[in-house]
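Please examine the protein shown below together with the questions that follow it.

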Amino acid sequence: MSSEEALKLADEAGLDLVKIAATANPPVVRIIDFSKYRYEIKRREKDQKKKQHVIEVKEVRLSPNIDTNDLNTKINAARKFLEKGNKIKVNLRFRGREMSRMQQSVPILEGFAEQLADIAQIDKAAKPEGRSLVMIMSPKKN
C-alpha cells in the first residue's frame with residue numbers, strides 16, 4: 001500500500017502511522033496510537049533491565065609473604081564473589097625489595113587458582129603489571 005493511502009487510513013481512524021521496521025524493504029508501518037506505542041517500548045526496556053545481571057570485577061589483594069590462614073580467608077571471599085557470578089581480579093602486590101622475588105611468588109597465585117578450580121576458570125594468567133602480578137578469574141559455566 002502506498003504511504004498516502006496509509007496516512008489517509010490513519011487520519012480516518014484518528015491514530016498515528018508509526019514505522020516499526022524502517023530498515024526492511026519495504027518499510028513496515030503500523031496504524032496505532034504513538035504515545036501508547038512509546039509507553040510499551042519503555043516498559044519492555046525496563047523489564048529487560050530488571051532481568052539482566054551486571055557482571056562486576058571484584059579485586060582480591062594479596063602480598064607475597066601471606067600466611068596460610070590469611071590466604072584461606074581471601075580464597076573464601078573470592079569464592080563468595082564467584083558464586084554471585086562476578087569475576088575476580090587477584091592482585092599480588094610487591095613493595096620495596098619484594099620486587100626482586102616476583103617470579104618466586106607465582107606459585108601463590110597458582111595455589112589460589114587451584115583452590116578455586118572447582119568453581120572458577122582462569123581468564124588471564126598471572127602477568128606482571130607494574131609493581132604487582134595480576135590474574136583474572138571468572139565463574140565456570142555449567
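Predicted model: local features only at pLDDT ≥ 70, side-chain atom pairs only at ≥ 80, totals over all residues.

Residues are numbered from 1 along each chain as its sequence is written, and side-chain values use heavy atoms, with hydrogens and water left out.

Reader: In what order do the elements of the protein run from the N terminus on?

Author: Helices (H or I, at least four residues) and strands (E, at least two) are DSSP runs, numbered from the N terminus. The protein has four helices and six strands. From the N terminus on, their order is α-β-β-α-β-α-β-α-β-β.

Reader: What radius of gyration does the protein have?

Author: The radius of gyration is taken over C-alpha atoms, and the globule rule is 2.2 Å times the number of residues to the power 0.38. Along the principal axes, the C-alpha trace spans about 80 × 25 × 25 Å. For a compact globule of 142 residues the radius would be near 14 Å, but for the protein it is 28 Å.

Reader: What percentage of the 142 residues of the protein count as buried?

Author: Buried means under 20% relative accessible area, exposed over 50%, and partly exposed in between (1.4 Å probe, protein chains only). Of the 142 residues, the share that counts as buried is 24%.

Reader: Which element gives the largest share of the lining of the largest pocket?

Author: A pocket is an open set of points on a 1 Å grid over the protein atoms alone, where a 1.4 Å probe fits, with protein on both sides within 12 Å along at least five of seven lines; lining residues have an atom within 4 Å of a point. The lining of the largest pocket consists of M1, S2, S3, A6, L17, K19, P26, P27, V29, R30 and I31. Two or more lining residues come from each of α1 (3-13), β1 (16-21) and β2 (28-32). The largest share, three residues, is given by β2.

Reader: How much space lies in the largest pocket?

Author: A volume is the space filled by probe spheres set on the grid points, which are joined across faces, edges and corners. For the largest pocket, this space is about 260 Å³.

Reader: Is L17 buried or partly exposed?

Author: L17 lies in strand β1. Contact means heavy atoms within 4.5 Å, and L17 touches S3, A6, L7, A10, V29, R30 and I31, not counting residues up to four places away in sequence. Because its relative accessibility is 29%, L17 counts as partly exposed.

Reader: Which peptide bond is cis, with omega near 0°?

Author: P26 is found in the loop between β1 and β2. The cis bond, with omega near 0°, runs from N25 to P26.

Reader: What distance separates the C-alpha atoms of N65 and E98?

Author: N65 is found in the loop between β3 (57-62) and α3 (68-83). N65 counts as exposed because its relative accessibility is 61%. N65 and E98 are 33 residues apart along the chain, and their C-alpha atoms are separated by 9.1 Å.

Reader: Which residues does Q115 touch, not counting residues up to four places away in sequence?

Author: The place of Q115 is in helix α4 (residues 106-115). Q115 is partly exposed because its relative accessible area is 46%. Beyond four places away in sequence, Q115 touches I75 and R79.
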